[in-house]
Amino acid sequence: MFPDVVILAGGLGKRLQSVTGGAQKVLAKIGDQPFLEILIDYIASQGGRRFILCVGHGSDAVEDYFKNKYRDREIIFSREEAPLGTGGAIKQGSRHVKTDLFLALNGDCFCVVDYKHLIADHKKNKAQATLAVTSVPDAREYGTIDFGPGGEIRAFKEKQPENKSDYINTGTYCFDRNVFSLVDTPDKFSIEYDFFPHLVGKDFYAFVVENRFIDIGTPERYSWAQEHLKTLKG
């Protein structure tokens, strides 16, 4: 059984407002489809059937677009009444999860991932959390991830000034349903800065993905996605 999928779809997207005009960035079009629809369709092509969308900014537009969109998959909306941060939003959305494990993804990122392989790796390692990572030739724009030969995550590193290849977070996670019981968190928190560093040493693993990572967080990256995502949709 494919696990439930929680997707962040409520960020403000300030850096992309010159393109979106302030509309929700996950609805930004790639060709004739919203970016989030491409992501959902890709996960569904591998077996995903139950999606929990964490909505906040622009929630009405997201809900209007997706509420009656599919007959072969279920869409649930987890609405923030006030901004919860990436961690708070996923934690709230996880209350709708019915499966023992769940996937969580950033709704403005895309990476070709074999989700069944990711899930199998997570189970094999008896992990509480597994983070899909990929190597980029120039990691200066990103925080990076240090992990051991068996995949155990050892540390998260801040952005570095030197131009070098390193592993970065793809915004794709596999979590045990009760993962948020491992770290004491407030209602509003960042999954990247307030949660993941505290999971180190608690059965937290990296899953290496060889494919190019795409996010549409800036006009430049969005423009690149327009040209290349159609070849990577699977």
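I started with helix 2 (residues 35-45) and helix 3 (residues 59-66), whose axes come within 11 Å and cross at roughly 45°. Helices here are DSSP runs (H or I, at least four residues), strands are E runs of at least two, and both are numbered from the N terminus. Axes are lines fitted to C-alpha atoms, for helices over the stretch in contact, with angles from 0 to 180 degrees between N-to-C directions.

A note on the model: it is predicted, so local features need pLDDT of at least 70 and side-chain atom pairs 80 or more, while totals for chains, interfaces and linings use all residues. Residues count from 1 along each chain as its sequence is written, and side-chain values use heavy atoms, leaving out hydrogens and water.

Which residues meet? I found Leu36, Glu37 and Ile40 in helix 2 against Val62, Tyr65 and Phe66 in helix 3 (contact: heavy atoms within 4.5 Å). They divide into 5 nonpolar, no polar and 1 charged. Nonpolar means Ala, Val, Leu, Ile, Met, Phe, Trp, Tyr, Cys and Pro; charged means Asp, Glu, Lys and Arg; the others, Gly among them, are polar.

Next, the second largest pocket: 14 residues line it, and Glu141, Tyr142, Arg212, Phe213 and Arg221 lie nearest its centre. Strand 13 (213-215) and helix 7 (219-228) each give two or more residues to that lining. A pocket is an open set of points on a 1 Å grid over the protein atoms alone, with protein on both sides within 12 Å along at least five of seven lines; lining residues have an atom within 4 Å of a point.

Technical notes. On a 1 Å grid over the protein atoms alone, a cavity is a set of points where a 1.4 Å probe fits but cannot get out, and a pocket is an open set with protein on both sides within 12 Å along at least five of seven lines; lining residues have an atom within 4 Å of a point.
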